[in-house]
Amino acid sequence: MAAGSSCTIVEYFGGDDGYRCGYCKNEKGNFSHGMWSHAMTVQDYQDLIDRGWRRSGKYVYKPIMNKTCCPQYTIRCHALNFQPSKTHKKILKKMSKFLSKGEMPTEQGDGEPMDSLCEEGGLHGPVKVCHSEVASPVVTAILTEEGDTTPAEFETARKDPVSVPDGRGPETTPKPGVGADPGRPLCRKAKELRKARRLQKEQKRQVGGGVPASATSIPAPPVQLNQPKALEEFINESLPDSPLHRLEFRRFLCDSPLEMETPPDGPAAGYGSFHQQYWLDGRIVAVGVVDILPTCVSSVYLYYHPDFASLSLGSYSALREVAFTRQLQKQSPKLCFYYLGFYIHSCNKMRYKGQYQPSDLLCPETYVFVPIECCIPSLEQTHYARFNQDPDAGDTHVLKDLGRALVLYRRTVMPYAAYTRKRKCSNDEMEVAQYAGLVGQVCAERILLYRA
């Protein structure tokens, strides 16, 4: 990692109260520990997700696995050895057919619950907003990556899957020996067909709203296919006209605590948080939020226009992100894993993540990764399970010396032992010990825990 002044600063919130589970709908069954991250290095976040943590915006949380109703296990895929399943191949063929022929599938997607990622401590989770004034490094804004990661084949357009013109005139039979029927126009490319469908749909909307299709209006400037469109424009089209919705959207999908880093041995784009835009015919139809970390690409969320739900964009984007991980590994050899967030065996609709093979689940007690096929038998018996079969194995980074944990007190960094000497009446030892035990000894000696 590049040397610099970046550091991680967090405020710990604990996790005693239960809240509504987005999977089984238990009103008080979901339990997790949480902390607000004012700034975070990519190495610290890499170490945290390898201990079962996950971020939602700047809020970082860790499910209480032996207490929560639906245990959430960190899952990672070995990107270099990834083998697509029959379902994955079907999705790729469906997308290829759409891009080449302009045919939108009439059936809905394969039941992929990508939207459920927001339940993982996201918009419906126990996200707390911290307003403490902490002197911290300036957090880089989330970046928008364009270029190689958003090729032209990602471009899509709005369309009406029911009423679509095929660009042909009345059916007539050509005379023998004459060749192509002159009464029928030449075949058009799929992109031209998509433009025609979009135009017809816009005209229908105008007529339906009481505005004649021929009514004059201020013409929109021509769109350059390769010219970036502001992400805010796509957001404004999708979100309800509510300040609360927009605030929650920005907190969940735009804000990131990760500090941008560009070490010489890292990928060309650097490490940090990125938006991957999926384009077609000059408009964004989907955006994937990813974190590029020292040893992995971590998928945060994907949101897309509902008109394209039948294309299974959630699974398609995951396949593209696996390929993206393999691409980055050529630049940074250690970066070889693709993290899909949490695997929830107790929720049938979330088991699809196990189809990205080969993959591992994180043992909630020893924090080592175990092949998923070795974990499933245990999860079939009980919601919570220890995957490491060695009874003598333990957490290699278990907390051993609380006094060495770093805290930030009155803009001064000091070990917790020095802090307790300054604050003789301090009664937060149990809270700090709980926090340090969850992040582990190594992170506790590197991350700054804010103390008021």
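Modeller: Here are some notes on its salt bridges and its core.
Modeller: This is a predicted model, where local features need pLDDT of at least 70, side-chain atom pairs count only at pLDDT 80 or more, and totals for chains, interfaces and linings use all residues. Residues are numbered from 1 along each chain as its sequence is written, and side-chain values use heavy atoms, with hydrogens and water left out.

Biologist: How many salt bridges does a search of the whole structure find?
Modeller: The search finds 12, counting a side-chain nitrogen of Lys or Arg within 4 Å of a carboxyl oxygen of Asp or Glu.

Biologist: What does Asp 360 meet in a salt bridge?
Modeller: Its partner is Arg 76, at 3.2 Å, N to O. Asp 360 sits in strand 11 and Arg 76 in strand 5, 284 residues apart. Strands are DSSP runs of E, at least two residues, and helices are runs of H or I, at least four, numbered from the N terminus.

Biologist: Is Asp 360 buried or exposed?
Modeller: Buried, at 7% relative accessible area, and Arg 76 is buried too, at 14%. Buried is under 20%, exposed over 50%, partly exposed in between (1.4 Å probe, protein chains only).

Biologist: New topic: which residues touch the most other members of the largest nonpolar core?
Modeller: Among them are Met 35, Leu 48 and Val 439, in a core of 73 residues. Such a core is a set of buried Ala, Val, Leu, Ile, Met, Phe, Trp, Tyr and Cys residues joined through side-chain atoms within 4.5 Å.
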